[in-house]
Amino acid sequence: MLPYAAYLRVYEPLTAFAEPERKVWADYADSRDRPRRANALNAEHGESVMRLLGMPPQPVPAQESPNAYLRRVEDRLYVCPWQTRLRSWLAFSRLRGTTPVKVMDHLVPKAVAEQTADDFDRYKRRAGSGALRTHIRTTSWHVPASWFVPFDGNERWLVLGSANPGQDVTTATGRNLIYVTSMAQARRRAARALSVLRRHLGDTSAPLDVEDVARWLEEFHPHSLVELDYGGLVHLMDDDALQADQSVAELSAALTGLDTGQEELAYAMYQRVILRWKSMQLLESAN
């Protein structure tokens with residue numbers, strides 16, 4: 001897990017899980033030992049750092065994580081499993097597929113890399129269809145424009161805070177920017193965005209990648225919750241920047257402007273979103 005990362009999560013209702021997994025999550029929710037929301041990112045980050053600092057490094061945990069993010073709405077429990085092992089496998093496969101062999105050998109010993117790939121292949125053969133479905137998507141140093149589509153500006157929840165003296169800002173708590181919506185609303189907004197983009201831009205709408213997000217949302221229970229969490233990115237932004245960040249509302253205005261013939265408004269709103277996050281991505285190369 002990267003410290004400067006954002007997350008798109010789906011929380012399914014407890015009833016969406018088959019037994020015995022349903023009982024496992026019900027018992028987990030009642031446990032006093034599970035990581036609480038405020039410390040969950042710290043726990044995930046700590047686990048990944050310990051694995052990668054080991055000798056040899058361990059790109060993927062030996063067992064799937066028993067943890068999950070939880071939400072309760074009117075006494076109804078919603079569960080978003082961490083799926084750390086599966087997410088690590090997928091991330092490792094992407095890294096291995098895009099990194100030159102000589103560079104990869106310096107990052108992870110060849111024998112470890114090959115064993116990790118073999119383990120993943122066996123997992124896929126054994127688990128079958130649906131084996132690669134993850135409840136959490138992660139992106140580093142920015143939030144993709146398509147991730148804003150499922151939400152409304154009024155669903156924004158901002159908490160300003162800072163790290164304690166001497167605390168690592170990449171794992172500080174008490175500072176959040178989060179959006180949460182129902183799956184029904186998320187799918188409706190994604191479908192509307194796709195319709196507008198295809199009607200007015202055709203194939204040139206591909207960079208927004210809304211279709212990929214829309215397809216992913218369709219994989220889950222229709223009564224799920226969808227959450228956009230700025231995660232560690234809030235520590236790259238000061239209070240003024242966080243308060244001024246209205247990316248969801250701006251992208252929605254861009255789509256509305258496009259659909260109503262207000263092309264200048266649509267372009268201006270879209271550029272505000274894109275330029276904001278391009279400047280954020282530049283911080284990666286500065287580090």
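With which residue does Asp27 form a salt bridge, and how far apart are the closest N and O atoms?

Modeller: The model is predicted, so local features need pLDDT of at least 70 and side-chain atom pairs count only at pLDDT 80 or more, whereas totals for chains, interfaces and linings use all residues. Residues are numbered from 1 along each chain as its sequence is written, and side-chain values use heavy atoms, without hydrogens and water.

The partner of Asp27 is Lys23, with the closest N and O atoms 2.7 Å apart. A salt bridge here is a side-chain nitrogen of Lys or Arg within 4 Å of a carboxyl oxygen of Asp or Glu. Both residues belong to helix 1 (residues 21-30) and are four residues apart, about one turn of the helix. Helices (H or I, at least four residues) and strands (E, at least two) are DSSP runs, numbered from the N terminus. Asp27 has a relative accessibility of 43% and therefore counts as partly exposed, a class between buried (under 20% relative accessible area) and exposed (over 50%), with a 1.4 Å probe and protein chains only.

Most peptide bonds are trans.

In the whole structure, 16 salt bridges are found. One of them joins Arg9 to Glu227, with 2.5 Å between the closest N and O atoms. This pair links distant parts of the chain, since Arg9 is in strand 1 and Glu227 in strand 7, 218 residues apart. Both Arg9 and Glu227 are buried. They also belong to a network of salt bridges that links Arg9, Arg71, Glu227 and Asp229.

Strand 7 (residues 225-229) is itself mostly covered, five of its five residues being buried. Leu225, Glu227 and Asp229 lie on one side and Val226 and Leu228 on the other, and both faces are covered. Strand 7 pairs in the antiparallel sense with strand 1 (residues 5-13) over five bridges, where pairing requires that DSSP find at least two bridges between two strands. In this pairing Tyr11 has Leu225 as its bridge partner. Strand 6 (residues 176-182) also pairs with strand 7 in the antiparallel sense, over five bridges, and Ile178 stands opposite Asp229.

A further salt bridge connects the side chains of Asp212 and Arg137 (2.6 Å, N to O). This pair too spans distant parts of the chain: Asp212 is in helix 7 (residues 210-217) and Arg137 in strand 4 (residues 136-140), 75 residues apart. Asp212 has a relative accessible area of 33% and is therefore partly exposed. Arg198 lies in helix 6 (residues 183-200) and is partly exposed, at 47% relative accessible area.

Finally, Trp141 is in the loop between strand 4 and strand 5 (156-159). Its phi is near 70°, a positive value in a residue other than glycine, and Trp141 is buried at 12% relative accessible area.
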